[in-house]
Amino acid sequence: MSKIEKDFSKAVKILKKGGVIVAPTDTIYGILADALNEEAVNRIYALKERSPEKPFIILIPDVDYLSFFGIKPSEKEKKVLEKRGVTVILDLPDERFEYLHRGKKSLAFRIPDYEELVKFIKKVGKPLVAPSANPEGKKPAENIKEAVDYFQDKIDIYIDRGELKGKPSTIVKFNRELKILREGSISEDEIRKMV
């Protein structure tokens, strides 16, 4: 059986080696893996039985991590990302990242509004994919027991923080103007005031 831990410390090494973990995020439990490791990303697609054309959200600890993807955000994109907890969709036409953007040529990024997770991502030193901890079509796991029921020993380590019933993040995209694609934990008004 996979290990259940209370903190992130043992998970750093696992992710650096291309492993997959279930851990709390700033919204709900997520399945986390190194976004730059194609094999680990594909393992999550298989675990979630996810439609192959749907990209995952990527968690970063600060905007500098966008340079892994060769992305230079606009001032407005940067400002909203730095707010923490808002997911911003950025253009990424680079074919090297086809396994992440799945032909959409854009990716969704978020700096989590959860300091411990931000520090953890910095220790891993890579951006992380972070879809919700559930197979496609099932409800997201709200505790580790539900996640274990879904995935058993197919996950390398589970990090247990009790019940988590967060609201999903708000998703935005800037074309010429700000577009709210999904209103979640941060209201549209609040985001519009920022930009």
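Student: Before we start, how are residues numbered, and which pLDDT do local features need?

Tutor: Residues are numbered from 1 along each chain as its sequence is written, and side-chain values use heavy atoms, with hydrogens and water left out. Because this is a predicted model, side-chain atom pairs count only at pLDDT 80 or more, totals for chains, interfaces and linings use all residues, and local features need pLDDT of at least 70.

Student: What pLDDT does the chain average?

Tutor: pLDDT is the predictor's confidence in each residue, from 0 to 100. In this chain 99% of the residues score at least 70, and the average is 94.

Student: Which element has the lowest mean pLDDT?

Tutor: Elements here are DSSP runs, numbered from the N terminus: helices (H or I, at least four residues) and strands (E, at least two). Strand β7 (residues 128–129) has the highest mean, 98. The lowest, 88, belongs to helix α7 (residues 188–194).

Student: In what order do the strands lie in the sheet, and which stand at the edges?

Tutor: Two strands pair if DSSP finds at least two bridges between them. The 10 strands form an open sheet with mixed pairing, in the order β1-β8-β2-β3-β7-β4-β6-β5-β9-β10. Each edge strand has a single partner strand, so one side of each is left without a neighbour in the sheet; these edge strands are β1 (3–5) and β10.

Student: Which strands pair with β9, and in what sense?

Tutor: Strand β5 (residues 86–91) pairs with β9 in the parallel sense over four bridges, and Val88 stands opposite Val172 there. On the β10 side, Ile171 stands opposite Arg182, and a hairpin of three residues joins β9 to β10. So the partners are β5, parallel, and β10 (residues 178–182), antiparallel, fitting the idea that strands of a sheet pair either way.

Student: How many residues of β9 are buried?

Tutor: Buried means under 20% relative accessible area, exposed over 50%, and partly exposed in between (1.4 Å probe, protein chains only). In a regular strand the side chains alternate between the two faces of the sheet. Here Thr170, Val172 and Phe174 are buried on one side, and Ile171 and Lys173 on the other. For β9 (residues 170–174), the count is five of five.

Student: Why do the buried residues of helix α5 lie on the same side, and which exposed residues face away?

Tutor: In α5 (residues 115–124), Leu117, Val118, Phe120, Ile121 and Val124 are buried. They cover an arc of only 160° around the axis, counting directions from the helix axis to the C-beta atoms, which puts them on the same side of α5. The face turned away carries the exposed residues Lys119 and Lys123.

Student: Which residues touch the most other members of the largest nonpolar core?

Tutor: A nonpolar core is a set of buried Ala, Val, Leu, Ile, Met, Phe, Trp, Tyr and Cys residues joined through side-chain atoms within 4.5 Å. The largest has 49 residues, and those touching the most other members are Leu100 and Phe109.
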